[in-house]
Amino acid sequence: MLDDRRKACLAAMGIPLWEQRRPATAEAPELPAPTAETEVEPPPAAPAAEPPPAAEPARSAPTPSDPSALDWDGLEAAVSHCRACSLCETRTQTVFGVGDRQARLMIIGEAPGAEEDRQGEPFVGRAGQLLDNMLAAIGLSREQVYIANILKCRPPSNRDPRAEEVVACSGWLARQIALVEPELILAVGGVAAKNLLDTDQSVGRLRGRVHALGEAQVPLRVTYHPAYLLRRPEEKAKAWEDLQAVWRQLHGGTVQ
Ligand code: URA
């Protein structure tokens with residue numbers, strides 16, 4: 001049933017073999033292969049500019065203030081110069097996003113951590129390794145999906161993103177979603193899920209069904225953050241259920 005590679009991925013996720021059953025709805029054929037389609041609402045305007053301090057560049061609204069007109073190159077350049085919130089003072093670099101810009105599946109996490117801030121790429125630390133294994137378990141590599149975060153800059157000491165930081169960054173992510181046009185978004189963790197869906201509900205309540213994001217109603221699923229799964233390995237079986245649902249949805253199987 002399971003090939004050796006997937007067994008190894010599941011083992012790396014910490015999913016015991018007796019839990020590695022195929023979905024009961026066996027409409028699902030064999031794993032691999034993607035392509036894309038969908039849309040999303042225009043991003044909100046960025047916050048107002050602050051007066052420039054003497055020596056440092058001013059923190060200001062992103063330029064231009066409406067990212068919805070930007071192409072990939074323009075967007076990446078604008079993000080790299082963003083000074084719309086105070087995180088620009090403490091970041092090493094911005095962490096834009098990575099992967100297939102025409103991916104069918106988009107993964108959205110919370111914010112860069114120390115390793116991501118250092119390397120400039122999302123999900124490259126321990127949590128990222130687990131995310132890679134989770135994706136591999138459904139036949140996907142990180143190159144085949146598009147991975148981004150709610151925030152493009154690391155919050156100091158990995159604290160939770162603040163509301164004003166999320167607002168300042170939301171236009172960038174909205175534009176990324178609009179450009180990728182994913183068939184499905186997988187929000188990993190409570191910060192991503194709650195901010196995208198504008199809700200206070202827990203991951204436990206939000207997972208297990210398909211939500212619709214924004215005016216374009218982009219299908220969105222929620223699962224646990226890999227960093228949480230590293231702390232609570234007993235929840236990995238639920239994440240595996242979520243991943244199977246993602247896989248079924250991408251392959252036209254029954255959506256639960
Ligand atoms: N956690 C996240 O949510 N995103 C990253 O890029 C890394 C860790």
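Reader: How do the residues of the lining of the largest pocket divide into nonpolar, polar and charged?

Author: They split into 11 nonpolar, 8 polar and 7 charged residues. Keep in mind that this is a predicted model.

Reader: Okay, and how much space lies in that largest pocket?

Author: About 570 Å³. Its lining is made up of 26 residues.

Reader: Which of those lie nearest its centre?

Author: Glu110, Ala111, Ala127, His225 and Ala227.

Reader: And which helices each supply at least two residues of the lining?

Author: Four to look for here: helix 3 (114-119), helix 4 (126-137), helix 6 (190-197) and helix 8 (226-231).

Reader: What does glutamate 110 put by the ligand, backbone or side chain?

Author: Backbone: a polar backbone atom of glutamate 110 sits 2.7 Å from an oxygen atom of the ligand. Alanine 111 has a backbone N or O atom as well, 3.1 Å from a nitrogen atom of the ligand.

Reader: What about histidine 225, which part of that one is 2.8 Å from the ligand's oxygen atom?

Author: There the side chain does it, with an N or O atom 2.8 Å from an oxygen atom of the ligand.

Reader: New topic! How many aromatic pairs does the structure hold?

Author: There are 3. One of them joins tryptophan 72 and phenylalanine 96, edge-to-face, with 6.0 Å from centre to centre and 85° between the planes.

Reader: Why does that pair tie together parts that are apart in sequence?

Author: Because tryptophan 72 is in helix 2 (residues 72-80), while phenylalanine 96 is in the loop between helix 2 and strand 1 (98-99), the pair links parts 24 residues apart in sequence.

Reader: Is tryptophan 72 buried or exposed?

Author: Buried, with a relative accessible area of 14%. Phenylalanine 96 is buried too, at 5%. The cut-off for buried is under 20%, so both values qualify.

Reader: And the pair with tyrosine 224 and tyrosine 228, is that stacked or edge-to-face?

Author: Stacked, with the ring centres 5.2 Å apart and 20° between the planes. Tyrosine 224 counts as buried, at 8% relative accessibility.

Reader: Last one: which residues do ring pairs link into a cluster?

Author: Trp72, Phe96 and Tyr146.

Notes:
Residues are numbered from 1 along each chain as its sequence is written. This is a predicted model: local features need pLDDT of at least 70, side-chain atom pairs count only at pLDDT 80 or more; totals for chains, interfaces and linings use all residues. Side-chain values use heavy atoms; hydrogens and water are left out. Rings of Phe, Tyr and Trp (its six-membered ring) pair if their centres lie within 6.5 Å; planes under 30 degrees apart count as stacked, over 60 as edge-to-face and the rest as tilted. Buried means under 20% relative accessible area, exposed over 50%, partly exposed in between (1.4 Å probe, protein chains only). On a 1 Å grid over the protein atoms alone, a cavity is a set of points where a 1.4 Å probe fits but cannot get out, and a pocket is an open set with protein on both sides within 12 Å along at least five of seven lines; lining residues have an atom within 4 Å of a point. Grid points are joined across faces, edges and corners, and a volume is the space filled by probe spheres set on the points. Ala, Val, Leu, Ile, Met, Phe, Trp, Tyr, Cys and Pro count as nonpolar, Asp, Glu, Lys and Arg as charged, and the others, Gly among them, as polar. A polar contact is a pair of N or O atoms within 3.5 Å; within protein, one must be able to donate a hydrogen and the other to accept it, and residues adjacent in sequence count only if both atoms are side-chain atoms.
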